[in-house]
Amino acid sequence: MPDRTVFFISDGTGITAETFGNAILAQFDFTPRRVRLPFVDTPDKAHQAVRQVNHAGELEGKRPIVFTTVVDREALGIIQSGCKAMMLDMFGTFVAPIEQEIGITSHHRVGRFSDVSKSQAYHDRIEAINFSLAHDDGQSNRDLTEAEVILIGVSRSGKTPTSLYLAMQHGLKAANYPLIPEDFERRQLPPALVPHKKKTFGLTIAPERLSEIRSERRPGSRYASIENCRMEVSEAEAMMRRSGIRWLSTTTKSIEEIATTILQEVRPERLSY
């Protein structure tokens, strides 16, 4: 059972509050019930949020924890004065001291960016997502010259979520290509990838973990057997070593860690805003 409820309240999407809040909560060994309340941008919605927070506290007998990125001062005032909770106002905690330090008043904008849909960065990110979807799992060899990174590895080693994360979070055109039995028989990279070795990055995984993941989709199959997983992983790693391709194990790493490692190797400038 959850120890208590944590609310992420914002007058935007709430993604910033939730991302930051979850990073803080990960430092503690407890399992909260998480509730995101986005678009709390009027007094009426603020009062509704207050009622929801306080109701949770009454049911659980413990003060909820509230992470908020509400910018509207009236809505924020209602939340701060009405919630019987531990309040963590992220803008108040961080923005106000920076204003004081650099002598500039912040924009107090709702959301991460202003007019984001009109920016070139947003357009590039959408293009990257479309590219990654079109080049998922080796669906297409076309336009690989446009790819900024090509991920290879055995099936279910984490290529698809990583390529989509790179596209969505960093605007990187990422293709991914599965290594299949025919590649292992030839003991060579797929021919379509040979001209692009410099921007190819390999993902591998512990055979035991791979067998678990595959068994969720196709239990009892040869595809998921530990013997086959050991063979595929061994052959894939040997192929990457022979081809001089950089690679890492995804066994114990999060998508964020995998993506950051890849960026450090292939496009370190993308780690800067």
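Modeller: The expected span of a helix is 1.5 Å times one less than its number of residues. Helices are DSSP runs of H or I with at least four residues, strands are runs of E with at least two, and both are numbered from the N terminus. This is a predicted model: local features need pLDDT of at least 70, side-chain atom pairs count only at pLDDT 80 or more, and totals for chains, interfaces and linings use all residues. Residues are numbered from 1 along each chain as its sequence is written, and side-chain values use heavy atoms, without hydrogens and water.

Biologist: OK, what span should helix α9 have, and how far apart are its end C-alpha atoms?

Modeller: With 18 residues (226-243) at 1.5 Å a residue, α9 should span 26 Å; its end C-alpha atoms are 26 Å apart, so the two agree.

Biologist: Why is Ser132 called buried?

Modeller: Buried means under 20% relative accessible area, exposed means over 50%, and partly exposed is in between (1.4 Å probe, protein chains only). Ser132 has 0%, so buried it is. Ser132 sits in helix α5 (residues 120-134). Skipping residues up to four places away in sequence, its contacts (heavy atoms within 4.5 Å) include Ser163, Leu164 and Leu172.

Biologist: And why is Asp143 called partly exposed?

Modeller: Its relative accessibility is 37%, so Asp143 falls in the in-between class. Asp143 lies in the loop between α5 and β5, and its phi is positive, about 60 degrees, although it is not a glycine. Most residues other than glycine have a negative phi.

Biologist: What makes a set of residues a nonpolar core?

Modeller: The residues must be buried Ala, Val, Leu, Ile, Met, Phe, Trp, Tyr or Cys, joined through side-chain atoms within 4.5 Å. The largest one here has 21 residues, and Ile150 and Ile152 have the most contacts inside it. β5, β6 (174-178), α8 and α9 each supply at least two residues of this core. The largest share, 5 residues, comes from α9. A second, separate core of 18 residues includes Phe7, Val35, Ala49 and Ala85.

Biologist: Which residues of α9 are buried?

Modeller: Among them are Asn228, Cys229, Val233 and Met240. Their cover includes β5 (149-153), α7 (181-186) and β8 (246-249).
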